[in-house]
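Please read it alongside the sequence and the structure.

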Amino acid sequence: MSLYNYISVIGGLAFFLFGMTVLSSGLKKVAGDRLESVLKKMTDNPLKGLMFGAVITIAMQSSSALTVMLVGLVNSGIMALAQTVGIIMGSNIGTTLTAWILSLSGVQTDNVLLLMLKPEYFSPVLALVGVILIMGGKDDKKKNLGYVLIGFSVLMHGMNWMSDSLSPLADMPEFTSILTAFDNPLLGVLIGTVFTGVIQSSAASVGVLQALSLTGHISYGVAIPIIMGQNIGTCVTALISSIGVSKNAKRVSVIHISFNVIGTAIGLVIYFICRGLFQLTVFDEMITPFAIAAFHSAFNIMTTLILLPFSKHLVYIVEHLIKKDNAKTAFLDERLLVSPAIAVTECRKKTMEVLNVSVEGVSKAMAMLESYDENTKDELRQLEVDVDGMVEGCNQFLIRLSSKEISNRESIVVANMLHALGDMERISDYSLNLISVAKKVNKSTIEIRNEIWSLVSPLIMELNHILEMTRLVYVEGDAKKASEIIEETDKLIQKIKKVKKSDLKLLRNGEGYAESSVYISDYLSVLRRITEHSQNIAESLI
């Protein structure tokens, strides 16, 4: 091989990995909402998790990315460890799809229709369609589909480039002698593990092996151990991502690597029995890209079928290997950013939590006007501190999320959440203002307290109703009901203004208490601010 061939192989691999990245990114955007709905259906049933894991991996085109996301979900307390086992097993099956597509490049025929099955024939057409969708598409779905097609075409171009550059190896005796060293199955497993760990993609690693097989010098005996090693190498990304997380989250990556190591150990035992005991001649035959894809799928399916019934035992073993610590779960783990669609969904759940705590604090603060309590005051101060921490966590996460490649729809949702979080935080802040006024009122005479309560209590009841509506509507995301809240808040603001004017008129006429008027004015101003922030949250949903 010449220097040009070596450079071409590197270039082909670069195109392959870039195409894989574009394809994966496009697929995640196209399947964003579906990924969200799949996550909602996850249960403790490993068989169901198995199917979901396969589906999500096909959508993301990366079992490593899925495992990283699972680490984030467990570290955030969103998922239980047991739920991840079936999903991890399913991801190993889902990741084999790419190998099947790449195996079509080995189709040899003179039939025009069958030739169109070869990726090098139809990928240029897909590239053209992709460019048209990107340049002419008016909505995100069409453009994202265009990126999927472009990514696939670039991936296939890189595969063909590698295959063409590696073809001179077929005439090199040195290459054949090197391959005889790989005939050692343990060395083959090691090579597959290291190479996949370096490029952090089992699909790309299998693609390179398929390209090498086109030289006609890769035997079954050489390829099979390498494929088994590739399954271990794909765990490297998850292991790296588990650095700095809770021990419960670390267990996810340990389950992933344990599953693949056990599967490889079982595979090697069968390999030694078939090759050493039965001396099957098939191991000396040359393997094809199609056969690589077939074995890749068969091996992963076999491993899954063997270990799926023992999924609970696997969790038990890992839990005893890694003792659970007392570390708090992350509020929003940055590993969720691997899938922006899921990150948006989980961040919205946390935003709902912020609103719930804010409403709870304000409702308790308003109740203190009638019955003031120092213990409740301390509790509400802590709630306000908790809200500030949650808002800060959400804001930082949303800022990082907005820098990712997200759809226009997701960009709008992110922007609305950022604005709504500001209003939620202000609502929580005003609970302290309400407490301050309530404390002063509590020290006043019974006549003043009765006068204030008679004027303010109807408004408190209405505001409580609006806050409850806001909380429910924000969860449902119902724009129609949000419009109703806006109408209700407008009416309440007018009532607050009216009460304020009436109290001022009574004071001018010498019929009220100056002290109560000051307290009423302060209290009504806070109620109005809370009402306006509730209105802003409702407007963010329209």
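Helices (H or I, at least four residues) and strands (E, at least two) are taken here as DSSP runs, numbered from the N terminus. The model is predicted, so that local features need pLDDT of at least 70 and side-chain atom pairs count only at pLDDT 80 or more, while totals for chains, interfaces and linings use all residues. Residues are numbered from 1 along each chain as its sequence is written, and side-chain values use heavy atoms, with hydrogens and water left out.

**Overall make-up**

The protein has 23 helices and 0 strands. Of its 542 residues, 51% are buried, where buried means under 20% relative accessible area, exposed means over 50%, and partly exposed lies in between (1.4 Å probe, protein chains only). The accessible surface comes to about 24,900 Å², and carbon and sulfur atoms account for 62% of it; these areas come from the Shrake-Rupley method with a 1.4 Å probe, and for residues only the protein chains shown count as cover. When contacts (heavy atoms within 4.5 Å) are taken between residues at least 6 apart in sequence, 82% of them join residues at least 24 apart.

**Salt bridges within helices**

Side chains of opposite charge can pair when their charged atoms come close. A salt bridge is counted when a side-chain nitrogen of Lys or Arg lies within 4 Å of a carboxyl oxygen of Asp or Glu, and by this rule the protein has 13 salt bridges. Three of these pairs are listed here.

| Pair | N to O distance | Helix |
|---|---|---|
| Glu-374 and Lys-377 | 2.9 Å | α19 (residues 374–402) |
| Glu-468 and Arg-471 | 2.3 Å | α21 (residues 446–476) |
| Arg-529 and Glu-532 | 3.6 Å | α23 (residues 514–539) |

In helix α19, Glu-374 and Lys-377 are separated by about one helical turn because they are 3 residues apart. Glu-374 is partly exposed, with a relative accessible area of 35%, whereas Lys-377 is buried, at 12%. Glu-468 and Arg-471 are likewise 3 residues apart, in helix α21, and Glu-468 counts as partly exposed at 33% relative accessibility. In helix α23, Arg-529 and Glu-532 are again separated by about one helical turn; Arg-529 is partly exposed at 36%, and Glu-532 is partly exposed at 24%. Elsewhere, Glu-360, Lys-364 and Glu-379 are linked in a network of salt bridges.

**A negative patch**

Glu-484, Glu-487, Asp-490 and Glu-539 gather in a patch of negative charge on the surface. Patches are made of residues with over 30% relative accessible area and no salt bridge, with like charges joined within 9 Å; Asp and Glu count as negative, and the place of a charge is taken as CG of Asp or CD of Glu. Helix α22 (residues 479–508) gives the most to this patch, with 3 residues, and Glu-487 lies in that helix.

Phe-52 lies in helix α3 (residues 46–60) and counts as buried at 13% relative accessibility. Although Phe-52 and Ser-91 are 39 residues apart in sequence, their C-alpha atoms are 8.4 Å apart in space. His-256, in helix α15 (residues 247–277), is buried with a relative accessible area of 0%. Leaving aside residues up to four places away in sequence, His-256 touches Thr-67, Ile-88, Asn-92, Thr-234, Cys-235 and Ala-238.

Key
Patch = residues over 30% accessible without salt bridge, like charges linked within 9 Å, V, L, I, M, F, W, Y side chains within 5 Å.
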